Amino acid sequence: MKTGSHLNLLNYEVSITENNKLIEFVVKMFQKHNLFLIFSVDCMMDTNLQKDDLTGTIKFIPPLYKQRYQFIKDLVIKYKPKKVADLGCADCTLLWMLKFCKCIEVLAGLDIRENVMKEKMHRLSPLPADYLQPSERSLTVTLHHGSVAHKDPCMLGFDLVTCIELIEHLEAAELEKFPEVVFGFMAPAMVVISTPNSEFNPLLPGVTLFRHSDHKFEWDRAQFQSWAVAAATSYDYTVEFTGLGTSPPGTEDVGFCTQIGVFVRKYPKNGETVNSEKHTEHAYKTVFKAVYPSLKDEKYLQNAVVSEVLFGADIIKRRLLGNFKSEWKDHRDGLETKFKFQPFKYFMRRSKNLPLAETEKLAADRSTEPFIDGNTVYIPLAKIFSIPKVNQLCGTFEKLSKLIAGKVALSNDGSAVIVTIEYENEEQEN
């Protein structure tokens, strides 16, 4: 939201089908708060292609670049790769989308244009919320500056490598080296390559030779498939073809606007080959690296467990005091209503100041039941361990004991969490 000296401007993009009540409601709300609303309305169609009859412009909904990213995200959701690399990552949009996929533990981007990566790479950094609530998975995001024509061991061991609208930007010498680097050296379990389909170009107004001034070539379907099959055969991959961006009715013979090859490796890579390739000289420069806080890191796990233990202990203490106060009310007939409830004094009278050893023996006898002695609440660790979140984080009773040692106040024998009761001084009687 941009705020001026006299008015607030909010830009909203709203997609609607037929119900204008949504617009009416939003307009009234913004008028009420002295806000100006600018609407950009897209009418959704049954197909993902819309043609303007006046200009002859073909418009894909969603835009084709978003469809390409969604295609990759759908593959990730389906196959759940742990390590994903995006070659030609540019402004890091695809990497930003993929960092929210819970299966991914390693993300890497590579691009020859360092300045383009640096403009948006901050989006890949952890947010404050990531530190407040660390994820159960680990996630490391790294960006490298370099060429796909060069080998670097940092790109070994990936499950999925994506090359979205990349190969058409390569010079002939780079394209010649590309299969050996990606399929031979990197050798991921899956590779996805997308590139423009030149057969679609006559349907795009203003396109004469190539769709972008930096494209070195654009292939038709036969050319792309011939190149892809040759690469797959040479490096023991299978390949299947699909695409995005359907053509208008009557022009279906031109195929998709974007053509895609999905390559899957036939056999696991030989272990000896992997070990030898790890000694390859580094060719890329690392320009960004972010390690997200994770519960797999004991430091963050300990913080989370201690927080849950203290929170749970406080709830148990409050419930225990609430129950006890209710019982005390039932036995205080004849007392003045101004009497202040002070459980520590009550229990000191009842327990006659039991020695510490006897108090801890009582805690052991009541292994799962919390109790009050004096001004202290004793909550057995067995009770703490039964808290679902604590149990989930720790897994074992022994790990709970280890993680809270020195961080949470415990009884001398370490069998119970102890919480001091804070109370108000008893009012002096007149």
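How many helices and how many strands are there in the chain? In this predicted model, the chain holds 14 helices and 16 strands.

Of the 430 residues in the chain, 42% are buried. The chain exposes about 25200 Å², and 52% of that area is supplied by carbon and sulfur atoms. Among the contacts with a separation of 6 or more, 71% are made by residues 24 or more positions apart.

Eight of the strands form an open sheet with mixed pairing, in which the order is E11-E12-E10-E9-E6-E7-E8-E13. Strand E11 (237–244) and strand E13 (285–291) stand at the edges of the sheet, and because each has a single partner strand, one side of each is left without a neighbour there. On average, and with direction ignored, neighbouring strands of this sheet are turned by 15 degrees against each other.

| Helix | Strands it lies across | Angle |
|---|---|---|
| H6 (residues 172–186) | E6 (83–87), E9 (160–164), E10 (190–196), E11 and E12 (258–265) | about 160 degrees to E10 |
| H7 (residues 221–234) | E10, E11 and E12 | about 155 degrees to E11 |

Note on methods: Residues are numbered from 1 along each chain as its sequence is written. This is a predicted model: local features need pLDDT of at least 70, side-chain atom pairs count only at pLDDT 80 or more; totals for chains, interfaces and linings use all residues. Side-chain values use heavy atoms; hydrogens and water are left out. Helices (H or I, at least four residues) and strands (E, at least two) are DSSP runs, numbered from the N terminus. Buried means under 20% relative accessible area, exposed over 50%, partly exposed in between (1.4 Å probe, protein chains only). Contact means heavy atoms within 4.5 Å. Accessible areas come from the Shrake-Rupley method with a 1.4 Å probe; for residues, only the protein chains shown count as cover. Two strands pair if DSSP finds at least two bridges between them. Axes are lines fitted to C-alpha atoms, for helices over the stretch in contact, and angles run from 0 to 180 degrees between N-to-C directions.
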